[in-house]
Amino acid sequence: MDLTYTPEQQAFRAEVRAWIEAHVPKEPLVTLECREGYDQHVAWERTLASGNWGMVTWPEAYGGRGLDLIQWLIFEEEYFRAGGPNRANQNGIFLLGPTIMEFGTEEQKARFLPPMARGEVIWAQAWSEPGAGSDMAAIQSKAVRDGDHYVITGQKTWSSRAAFADWGFGIFRTDPDSKRHKGLTFILFDLNSPGITRRPIRQLHGDTGFAELFFDEVRVPVENCLAGEGEGWNVAMATAGFERGLMLRSPGRFQATAKRLVELYRAHEAEASPAAREAVLQAWVQTQAYAYNTYAVASKIMAGGKIGAEASLNKIFWSELDRMMHRTAMQILGAHAELKRFGNGQINQWLEGYIFSLSGPIYAGSNEVQRNIIAERLLGLPRVGAG
Amino acid sequence: MDFRFSDDQLTLTESVRDYLAGTHGPEVLRRLDEQGNRDPAIWQGLVEMGLTGLLVPEEHGGLGLGLVEAALIAAECGRACLAEPLVDTAFVAVPWLVRRGELGDLAAIAAGERLVPLPHVLNPWVADGSGQPLQSVDPLRNLVMFPAAGSSDPYLLDLGALMSSAQLVGLADAMLHQAVEYAKIRTQFGQPVGAFQALKHQLASCAVAIEFAKPAVWRAAQALQDGGESASVHVSHAKVTAGDAALLTAETAIQVHGAMGYTYEVDLHFWMKRSWALNGAWGDRAWHLKRIDQAVIGGALPIGPEHTFA
Ligand SMILES: Cc1cc2nc3c(=O)[nH]c(=O)nc-3n(C[C@H](O)[C@H](O)[C@H](O)COP(=O)(O)OP(=O)(O)OC[C@H]3O[C@@H](n4cnc5c(N)ncnc54)[C@H](O)[C@@H]3O)c2cc1C
């Protein structure tokens, strides 16, 4: 165990810090969940890419820097230290990108990865359907083979970014007689294809964060299928592993929140409750624990290890931690918590953050489902209904 | 930067785990409880494995290893609910004596011939010393009131708290394991009770708490080993999270066992009671939270994403 940074790692941190400080937007961007904010966030993706910071761990050939996971963590720490915006392309770079690297052909890697790293193509994830939420194997949307195309018909929902994004990925039933996990295929599609209708859905905060997608005989070339026909479930599980595991929520994001929470508490120390004080300490305790654990996982992966169902431990921890921190901030703010903007005109980011934190235990597989996975796959308890 | 244990560390830990699993099962705890609490044969086995000399410098007849190795072994002692005073003497007293330059007893400690129970003002009683006996809820903890005033050295406190944290994560692991195994075999309503989500989810929450307590313990061990300025707050972090994880797992484990868990017959109680004892020892939760408070809200420690290893 060596918990110190090498001189190279320190130099890398300095390089990242200098670049980010010089480029990060001075004012917080408008929320991603509306046209104006979306465009601002995409412009930021392109600025990042212009400095070659789109996705530092990817090979240089695909627009990355070929760096390791510790360097990625350093990048993320500096990104959140500087208050970097949410990543418009998180579904691409953190979820689909690694999936294509694992399952894609060379042709697919060359075609999809560089524009993703450059922020030119923004991706939406389209798994959920009205009848298939936690029970994703209940997917019904069909992709029927017709020559060198698939013809897609059906409906997807809750697709983040899809109101404005360029491309989507999802799993579709290619074998009409198949049941559950079999007969599903992972397909990438242009969201502007004829036959796709997008219906934005207003989220809890009032903006349009996700969208419903209706597919009416949408023709997608066969070469847009990732891994083989019928392999969709396995590929999707790998993507979900990236989502719950290492990539989607790096510790820096939560450490930055914890730091702001400490500052908020200090400003309200006189009137805050003892319970809030303890929660503030827990914010530091838990974000640090999350960071150590992430470093441990990164070290393990760099040494050739893998993470499996452990990703579920992670997902529960960060999502409940995030909600706890924002709830605490709302309690500290007291009567001011309800204001969308404070008297001085400043946006109440704690309120926005609190609302968003309520979705953490739902998306990326609900925490109840994660607890099932931990109980059954890590602890070895019998499956529901087993006798 | 590499947050992994070396192969040597893992091999050592496994060998201790296997040894204790093979020689120190629950039947041993039950026997000790009925027959005087200590067994020289158990102690001799630990001595022969070199564990009493783990932190004793080689020139004094020990293995000369560090606090990270000791924390790993302490976690195994927790897992086995070991009652012999190995951790107090070999992992708390030895590094403290070495730091103070008091090297006279080290060879005898390594040889297993000498116990050094050290009192601290925060817990003025010690296990396995001589003095007025005190009864702990933990039937295997031989407490005595220490006749002289305890030390107030913060390094001693940090060592004791770190090694308690390490034992607590091992205790928690063991309790979770016992609860899971019981939930697999106890059937009600025609199925194993472990198939009920109400139990599964509670057990999964214990797994989460343990998973995120462990790295705080290892990080604290490394920090105390390296002697950085902030080591104390990391020890407090470890103590709070490990204590919370162990107490949550204890309460969950008894619930999963039903009335069985409320008996003296089911072995779980040894682990649960040790957890209660260690949770309060070497600085209780409030004391360690206060130290975190001074660092985090008080501003003594730099915080934020770029200060993960501050
Ligand atoms: C902000 C946000 C963004 C999202 N983005 C996307 C996206 O980009 N792409 C996409 O495809 N989807 C997205 N989703 C959808 C998300 O994946 C689903 O909401 C999630 O899988 C849960 O499905 P559901 O909403 O249908 O809830 P349901 O499955 O209907 O669950 C309802 C409740 O029942 C519980 N439950 C269900 N099954 C079990 C079980 N077996 N055991 C115990 N409890 C159970 C759930 O935990 C939950 O509490 C997003 C959701 C949110 C909130």
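**The interface and the chains**

Reply: Together, chain A and chain B bury about 5000 Å², and carbon and sulfur atoms hold 68% of that. Buried area here is the accessible area (1.4 Å probe) lost when two parts are put together, summed over both. This is a predicted model: local features need pLDDT of at least 70, side-chain atom pairs count only at pLDDT 80 or more, and totals for chains, interfaces and linings use all residues. Residues are numbered from 1 along each chain as its sequence is written, chains are lettered from A and ligands numbered from 1 in the order written, and side-chain values use heavy atoms, without hydrogens and water.

Me: Which residues of chain A lose the most area to chain B?

Reply: Met1(A), Trp284(A) and Tyr292(A). Together they make up 18% of what the chain A side buries.

Me: Switching to folds. What is the secondary structure of chain A?

Reply: Chain A has 11 helices and eight strands. Its radius of gyration is 21 Å, close to the 21 Å from the globule rule for 387 residues, so chain A is as compact as a globular protein of that length. The radius is taken over C-alpha atoms, and the rule is 2.2 Å times the number of residues to the power 0.38. Helices (H or I, at least four residues) and strands (E, at least two) are DSSP runs, numbered from the N terminus.

Me: What about chain B?

Reply: Chain B has 11 helices and five strands. The radius of gyration of chain B is 19 Å, close to the 19 Å that the rule gives for 310 residues, so chain B is as compact as a globular protein of that length.

Me: How much of each chain is buried?

Reply: In chain A, 57% of the 387 residues. In chain B, 60% of the 310 residues. Buried means under 20% relative accessible area, exposed over 50%, and partly exposed in between (1.4 Å probe, protein chains only).

Me: Is Arg161(A) buried or exposed?

Reply: Buried, at a relative accessible area of 9%.

Me: Which residue of chain B has a positive phi near 55°?

Reply: Trp282(B), which is not a glycine either. Trp282(B) lies in the loop between helix 10 (268–280) and helix 11 (285–296) of chain B. Trp282(B) counts as buried, at 7% relative accessibility.

Me: What does Leu118(B) contact, leaving aside neighbours within four places in sequence?

Reply: Ala93(B), Trp96(B), Val126(B), Leu156(B) and Trp282(B).

Me: Where does Leu118(B) itself lie?

Reply: In the loop between helix 6 (106–110) and strand 1 (125–127) of chain B. Leu118(B) is buried too, at 17% relative accessibility.

Methods
Contact means heavy atoms within 4.5 Å.
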